[in-house]
Amino acid sequence: MGKYLLRRLAINVILVAVAASLAYMLAATTMNPRGAYEGRQPPVPEAVIDATLDAYNLNDKTPVLQRYATWASGVITGDFGKTWNGGSVNDEMGRRVWVSLRLLLIGTIVGFVVGVALGAWSAVRQYKISDRVIGVSAFVLMAIPVFVLATLLAIGTYNLNRGLGFTLIEYTGEYNPKLAGWDQLMNRLNHLILPTISLSIGVSGAAFYSRIQRNMMLDVLGQDFVRTAMAKGLRRRTALIKHALRTALIPSATYFAFALGTMFTGAIFTEKIYAWHGMGAWLVDAINANDVNSVAAVTFFAAVCVLAAGFLSDLLVAALDPRVRVS
Amino acid sequence: MRSKVVLRRLFRNPQARYGIIAFVLLVALAYIGPYFGSYEWTEKDFMAFLSPPDADHWWGTTSIGQDMYAITLRGMQKSIVIGVLVALIATGLAAVVGAFAGYFGGWLDRVLMWGVDLLLVLPSFLILAIVSPRLRDGSWIWFVVLLAAFTWMITSRVVRSMTISLREREYVQAAVYMGIPRWKIIFRHIVPNLSSLLIIDATLNVSGAVVGEAALSFFGFGIQPPDVSLGTLIAEGSRNATGYPWLFAFPAGMLVLLVLSVNLIGDGLRDALDPGSNS
């Protein structure tokens with residue numbers, strides 16, 4: 001077991017290193033941070049620009065391999081370098097990870113729980129009206145991309161607020177910095193409503209999980225061990241939840257583990273549309289701002305998350321499925 | 001004939017029937033519809049900026065006087081072409097790589113699967129976002145190739161594991177002893193036996209690619225102006241969606257209908273080709 005884990009860790013480290021290095025090389029060769037300084041009024045002398053870019057390790061006059069070496073030796077000691085205007089990438093990342101976490105944790109979990117519950121319920125009530133309604137709405141929701149759904153919700157809220165004459169639900173930003181204490185907390189929760197809805201019902205949330213869960217549950221319901229559980233006198237509810245649902249949970253749990261891992265960088269659209277400044281929005285902003293070091297840092301972080309998620313999903317499956325633990 | 005049986009099953013399935021009808025109608029709208037509109041997609045009506053839908057401009061106009069009907073249909077053409085091409089390339093690549101890796105095994109398998117792992121870890125969004133705006137000179141075909149290059153990996157893993165079990169079948173063994181070259185066996189005996197998986201995968205890839213293109217174009221990383229796609233139109237429309245809903249509603253509605261119809265076909269195909277599965 002220990003040997004297997006070590007081997008796996010070594011492969012993962014190599015994959016992260018390759019992904020981050022490639023991202024750095026791609027960004028460093030194609031992006032032009034100099035542009036942000038060149039067009040200024042009054043003009044900045046070239047020597048000053050060079051000195052500034054040198055200090056940030058962004059100067060395109062330095063050979064790219066040399067810049068890469070500087071960057072890589074920084075990353076090994078845990079320093080991701082400077083942003084295009086001299087801020088620390090580490091500080092920025094430390095701030096944005098928490099923004100993403102606050103934004104996405106609730107939505108991801110709510111989507112999973114609601115999706116699994118609806119899927120399992122509609123499997124038990126197969127071909128009844130409720131099953132059909134859930135199935136059709138999940139299918140339609142699956143066809144609506146996140147950016148359309150999020151925009152639709154924002155439009156709806158805007159019209160609702162205008163109709164009411166006051167702001168019932170906020171639709172942009174993370175919080176109102178003028179408030180403090182209890183009001184601040186309520187304000188933050190208010191700002192969370194829309195992003196949470198858009199994350200939890202759509203393609204990456206309840207609609208997706210309910211479809212997987214329904215299929216798995218249908219497979220399990222017909223099997224002997226569920227009948228045995230009922231035959232030995234368990235109540236239907238207990239048999240369904242403890243015996244059927246637990247087994248049928250394995251695939252959705254695998255997806256859920258991946259969703260948790262990729263959560264930090266996966267919500268680019270939700271973050272951009274609702275103007276939260278998290279990791280996903282950072283990637284888009286950094287690409288637009290020619291911010292080489294930030295792009296590489298987000299990529300590094302995303303690769304670590306994906307691989308950690310793979311590991312997490314294996315652990316979850318092992319916890320839910322005794323057969324995996326034995327073999 | 002199996003293909004006849006499958007087709008009959010497909011048309012008996014109401015989901016698939018509606019999906020196919022809707023998809024055919026949408027394609028017809030995209031390609032024949034422009035002949036009925038009174039404006040070209042390149043035309044600008046300087047007498048009507050941001051006018052709501054009326055008898056002259058059926059779906060309204062944009063802030064520079066383009067006819068929404070013409071421009072949405074033009075965007076739809078591009079989205080459909082991109083979706084179909086990406087699906088064909090991605091599924092073809094998945095079939096070839098997966099079948100070769102699974103059939104030959106050994107070092108070829110290891111190298112190919114290592115490549116698959118690497119592509120899965122690589123930041124596809126970043127690479128597409130950086131590279132595609134730099135292909136400015138109208139070569140959206142490169143965008144298609146890039147999009148396909150990041151779509152095929154998981155299917156190729158499935159193809160590989162199915163190939164490993166097909167390799168031991170009698171008819172494949174028989175072909176080997178008849179002295180048929182290995183690559184011919186793969187294309188004549190292995191790949192056709194994976195066709196149900198591949199057809200379903202290609203169908204679902206179409207909707208995946210349409211959404212993927214729209215998503216990248218939403219940030220300006222996909223199709224570059226002056227060319228339009230549903231993604232660029234939705235991006236533009238969503239900026240002013242509260243005041244000028246027709247800018248957002250028509251392209252977004254078309255995108256959702258397109259994806260929905262393709263998904264319906266994909267689901268119906270799965271039922272028709274693989275009656276045992278209920279997924």
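Q: How many residues does the contact take from chain B and from chain A?
A: This is a predicted model, in which local features need pLDDT of at least 70 and side-chain atom pairs count only at pLDDT 80 or more, while totals for chains, interfaces and linings use all residues. Residues are numbered from 1 along each chain as its sequence is written, and chains are lettered from A and ligands numbered from 1 in the order in which they are written. Two residues are in contact if their C-beta atoms, placed from the backbone, lie within 7 Å. On that basis the contact takes 28 residues from chain B and 29 residues from chain A.

Q: Which element gives the most to the side of chain B that touches chain A?
A: Helices are DSSP runs of H or I, at least four residues long, numbered from the N terminus. The elements giving two or more residues to this side are α4, α5 (124-131), α10 (195-218), α11 (230-239) and α12 (245-273) of chain B. The one that gives the most, with 7 residues, is α12(B).

Q: At what angle do helix α3 and helix α4 of chain B pack?
A: The axes of α3 (residues 68-104) and α4 (residues 106-121) of chain B are 7 Å apart. Residues of α3(B) in the contact include B:V97 and B:F104, and those of α4(B) include B:G106 and B:M113. Angles run from 0 to 180 degrees between N-to-C directions, with axes fitted to C-alpha atoms over the stretch in contact. For this pair the angle is about 145°.

Q: Is A:A275 buried or exposed?
A: A:A275 is in the loop between α12 (268-273) and α13 (279-288) of chain A. Its phi is positive, about 55°, although it is not a glycine. A:A275 has 12 C-beta neighbours inside 10 Å, so it counts as exposed.

Q: Which residue of chain B does A:V295 touch?
A: A:V295 is among the members of the largest nonpolar core, which has 163 residues, that touch the most other members. Leaving out residues up to four places away in sequence, A:V295 touches A:A23, A:A27, A:L283, A:A286 and A:I287 in chain A, and in chain B it touches B:L126.

Technical notes:
A residue is buried if 20 or more other C-beta atoms lie within 10 Å of its own, exposed if 12 or fewer, and partly exposed in between; C-beta atoms are placed from the backbone. A nonpolar core is a set of buried Ala, Val, Leu, Ile, Met, Phe, Trp, Tyr and Cys residues joined through C-beta atoms within 7 Å.
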